[in-house]
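Please open the model in your viewer and keep the selection panel at hand.

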Amino acid sequence: DKVVAFFAELLVHTKGRWARLAFVLEDWQESEIIRPLFGEVVFSSEWGCYVRRYRIAVVSMARKNGKSEIAAGIVLYLLVGDDEEAAEVYGAAKDTKQAGKVAEVVERMRQLSPVLSKRLAFNKNSRRIFDAKTGSYYKVITADALGELGANPNGFILDEFVSQRDASLWNAMRTGEGTREQPLFLAISTETNEPHSFAADTIDEAERVQDDPARSPHTFVFIRKVPSDADPFRESNWKLANPALGSFLSIEALRREALDARNDPSKENPFRQFRTNQR
C-alpha cells in the first residue's frame with residue numbers, strides 16, 4: 001500500500017495525453033509488479049527485522065508498455081520512500097544516452113511533483129538528483145564496471161540490458177550490496193536476438209525462476225512474451241507480450257507495424273523482437 005500510494009500521491013505521468021496526471025498504477029502494474037515486488041517480506045535474523053523478499057527483479061515485455069515509467073517511479077521511491085539513510089541509487093544502460101531515457105523521466109517526475117521538487121535537487125554538472133535531508137542521491141553511470149567498484153547501492157536499475165556486452169557492470173554493482181538491509185537490483189529489457197549473451201542468460205535464468213520460484217526465492221520475475229511457437233501476427237497473442245494493450249498502448253499502431261512486417265521480410269524480426277518480445 002505504501003508504494004502504491006507513493007506513485008498515486010507523489011508522482012505524475014510525464015508524456016502524452018496523461019502528462020501531469022497522477023500516476024495511478026494500472027491493475028496489472030499494481031498487482032503483478034509493484035505489490036509483489038515491494039509487499040512480500042521475510043524476517044532477517046541477521047538484521048533483526050522484516051526486509052523485502054526480493055533483491056533481484058527481472059522485467060521483460062514488449063516496447064512501449066511503460067517500463068521506463070515504472071523504473072523511474074521505483075528510483076524515486078528507493079531514493080526517498082525506502083527509509084534508507086545515505087541511499088545510493090544508480091541507473092545504467094549501454095551508455096549515458098540510453099540510461100538517460102529513465103533518468104529524464106525521473107527528473108521530469110521530480111520537477112512536476114510539488115513535494116519532491118521541494119525535497120530533491122538536481123545537479124546538472126554531476127547529473128545527480130540528491131536529497132540533502134538524508135544524504136541520498138540518484139546517479140546515472142556508464143557501463144564501465146571497474147569505475148563503480150566503490151559503490152554501495154541500495155538500488156540499481158539496469159535499463160535495456162539487451163545492450164550490455166557482458167555481466168561485468170551487473171556483477172560489480174551486485175558485489176556492493178553487503179551493507180544494505182534490503183537492496184534492490186532491477187534489470188529491464190525487451191528480448192534479445194543474441195542466443196549467447198548476457199541478456200539471453202539473464203532472461204533464460206529468469207524464466208526458469210518464473211517456472212520454479214524455489215530455484216531463487218529472492219528473485220522477482222515479470223516476463224511477458226508471445227511464445228516462440230505462436231503466431232506473432234495473430235492479434236489475440238499480442239496481449240501476452242503487451243499488458244498495456246487496450247489501456248495506454250494503441251492496438252492500431254501494432255496493426256500498422258504488423259502489416260508492414262508481413263509485407264517486408266526485413267521488418268519481421270524487429271516486429272517480433274520489440275512488439276511480441278520473441279527471441
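Begin with the lining of the largest pocket, whose residues divide into eight nonpolar, 12 polar and 11 charged. The model is a predicted one, and the volume of this pocket comes to about 890 Å³. Next, select Lys 64, Asn 65, Gly 66, Ser 68 and Glu 69: of the 31 lining residues, these are the closest to the centre of the pocket.

Now colour helix 3, helix 4 (96-112) and helix 10 (268-275), each of which supplies at least two residues of the pocket lining. Which helix gives the largest share of that lining? Helix 4 does, with four residues.

The structure holds one cavity of 30 Å³ or more, and the volume of the largest cavity is about 60 Å³. To display its lining, select Ile 33, Val 59, Met 61, Lys 67, Ile 70, Ala 71, Ile 74, Leu 186 and Ile 188. Helix 3 and strand 9 are the elements that contribute two or more residues to this lining, and the largest share, four residues, belongs to helix 3. How many residues of each class line the largest cavity? Eight are nonpolar, none is polar and one is charged.

An open sheet is formed by eight of them, in the order 5-6-7-4-8-9-3-10, with mixed pairing. Select strand 5 (120-123) and strand 10 (219-223) to see the edges; each has a single partner strand, so one side of each is left without a neighbour in the sheet. On average, neighbouring strands of the sheet are turned by 15° against each other, direction ignored.

Select helix 2 (residues 27-39), which touches strand 3 (56-60), strand 9 (184-189) and strand 10. The direction of helix 2 makes about 165° with that of strand 10. Helix 3 (residues 67-81) also packs on the sheet, touching strand 4 (88-92), strand 5, strand 6, strand 7 (136-141), strand 8 (155-159) and strand 9. The direction of helix 3 makes about 165° with that of strand 9.

Methods: Residues numbered from 1 in each chain as written. Predicted model: local features only at pLDDT ≥ 70, side-chain atom pairs only at ≥ 80, totals over all residues. Heavy atoms only, no water. Pairing = 2+ DSSP bridges. Axes fitted to C-alpha atoms, helices over the stretch in contact; angles between N-to-C directions. Contact = heavy atoms within 4.5 Å. 1 Å grid on protein atoms, 1.4 Å probe; cavity = no way out; pocket = protein on both sides within 12 Å on 5 of 7 lines; lining within 4 Å. Points joined across faces, edges and corners; volume = space filled by probe spheres on them. Nonpolar A, V, L, I, M, F, W, Y, C, P; charged D, E, K, R; others polar.
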